[in-house]
Amino acid sequence: MQILVTGGAGYIGAHVCVELLKNDYAVVIADNLCNSSSETIGKIRQLTGKDVIFREIDVTDTSAVESVFLSAEIAGVIHLAGLKAVGESVEKPLEYYYNNTVSTMVLAAACLKHGVKKFVYSSSATVYGNNKVPFVETMELLPAANPYGETKAISERILTDVARATPGFSVSLLRYFNPVGAHESGLIGEAPRGVPN
Ligand SMILES: NC(=O)c1ccc[n+]([C@@H]2O[C@H](COP(=O)([O-])OP(=O)(O)OC[C@H]3O[C@@H](n4cnc5c(N)ncnc54)[C@H](O)[C@@H]3O)[C@@H](O)[C@H]2O)c1
């Protein structure tokens with residue numbers, strides 16, 4: 001069973017790939033390396049002793065995503081690729097809206113086209129907006145405080161509507177806070193290009 005992990009060369013994605021491989025899933029990584037390095041792919045292989053297919057593509061590119069779906073037997077998608085710096089999203093809103101929402105639509109469309117029924121989306125706790133902590137999943141979502149958060153809220157709505165309209169299409173939305181730390185091996189961890197924002 002092959003799982004497509006977008007953003008698999010990134011901080012969270014690399015850890016997800018290691019866990020998937022340890023649990024005997026085959027992994028296809030799609031990442032354009034805009035905030036990561038191909039060295040991480042080697043480290044994932046080193047840590048697990050298993051191979052992984054790496055496709056250096058932009059997941060907003062419909063034909064590139066199509067080529068990945070055509071060349072693999074994708075059983076599910078874990079979509080982590082995204083731009084994530086809150087401050088930068090205020091300065092470059094179009095870049096953030098484009099990257100984070102178009103990627104979600106392109107991948108969802110590819111899933112529908114190829115009969116892939118399972119989609120896990122890396123959202124963010126930022127979709128709870130100015131709600132009182134502790135946040136609970138049944139809370140009404142409030143406007144996010146920045147464009148980054150809005151890209152997550154919009155992507156959630158797109159995926160929820162697609163799931164409603166598509167029998168058997170299952171979407172999971174993960175709304176986590178900022179993870180910290182690195183893999184116990186020290187081989188993978190947060191390693192952004194440039195200064196962490
Ligand atoms: N780290 C956090 O604090 C946090 C918290 C909540 C949610 N998230 C979300 O989880 C996901 C992963 O976060 P992370 O911390 O691992 O970030 P990261 O920047 O380390 O990883 C994201 C990866 O996506 C890739 N990418 C970005 N746009 C792409 C595109 N259009 N096509 C292909 N690859 C692309 C980058 O090169 C990078 O490798 C993001 O969607 C982020 O918004 C992160």
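User: How many bridges join S2 to S3, and do they run parallel or antiparallel?

Analyst: Strands of a sheet pair through backbone hydrogen bonds, either parallel or antiparallel. Here 3 bridges join S2 to S3, and the two run parallel. Two strands pair if DSSP finds at least two bridges between them. Strands (E, at least two residues) and helices (H or I, at least four residues) are DSSP runs, numbered from the N terminus. Across this pair, alanine 30 stands opposite arginine 55 in S3.

A word on the model: it is predicted, so local features need pLDDT of at least 70 and side-chain atom pairs count only at pLDDT 80 or more, while totals for chains, interfaces and linings use all residues. Residues are numbered from 1 along each chain as its sequence is written.

User: What order do the strands of the open sheet have?

Analyst: The order is S3-S2-S1-S4-S5-S6, 6 strands with parallel pairing. The edge strands, S3 (53-55) and S6 (170-174), each pair on one side only. From one strand to the next, the twist averages 20°. Axes are lines fitted to C-alpha atoms, for helices over the stretch in contact, and angles run from 0 to 180 degrees between N-to-C directions.

User: Which strands does H5 lie across?

Analyst: H5 lies across S1, S4 and S5, and runs at about 165° to S4. Contact between two residues is taken as C-beta atoms, placed from the backbone, within 7 Å. By that rule, leucine 4 touches Val28, Ala30, Val68, Ile74 and Val77, leaving aside its neighbours within four places in sequence.

User: Which residues around the ligand are the closest?

Analyst: A residue is near a molecule if its C-beta atom, placed from the backbone, lies within 6 Å of it. In this model 29 residues surround the ligand, and the closest are Gly7, Gly10, Ser36, Gly82 and Asn178. Helix H1 (11-22) and helix H5 (93-114) are the elements giving two or more residues to that shell; H1 gives the most, with 3 residues.
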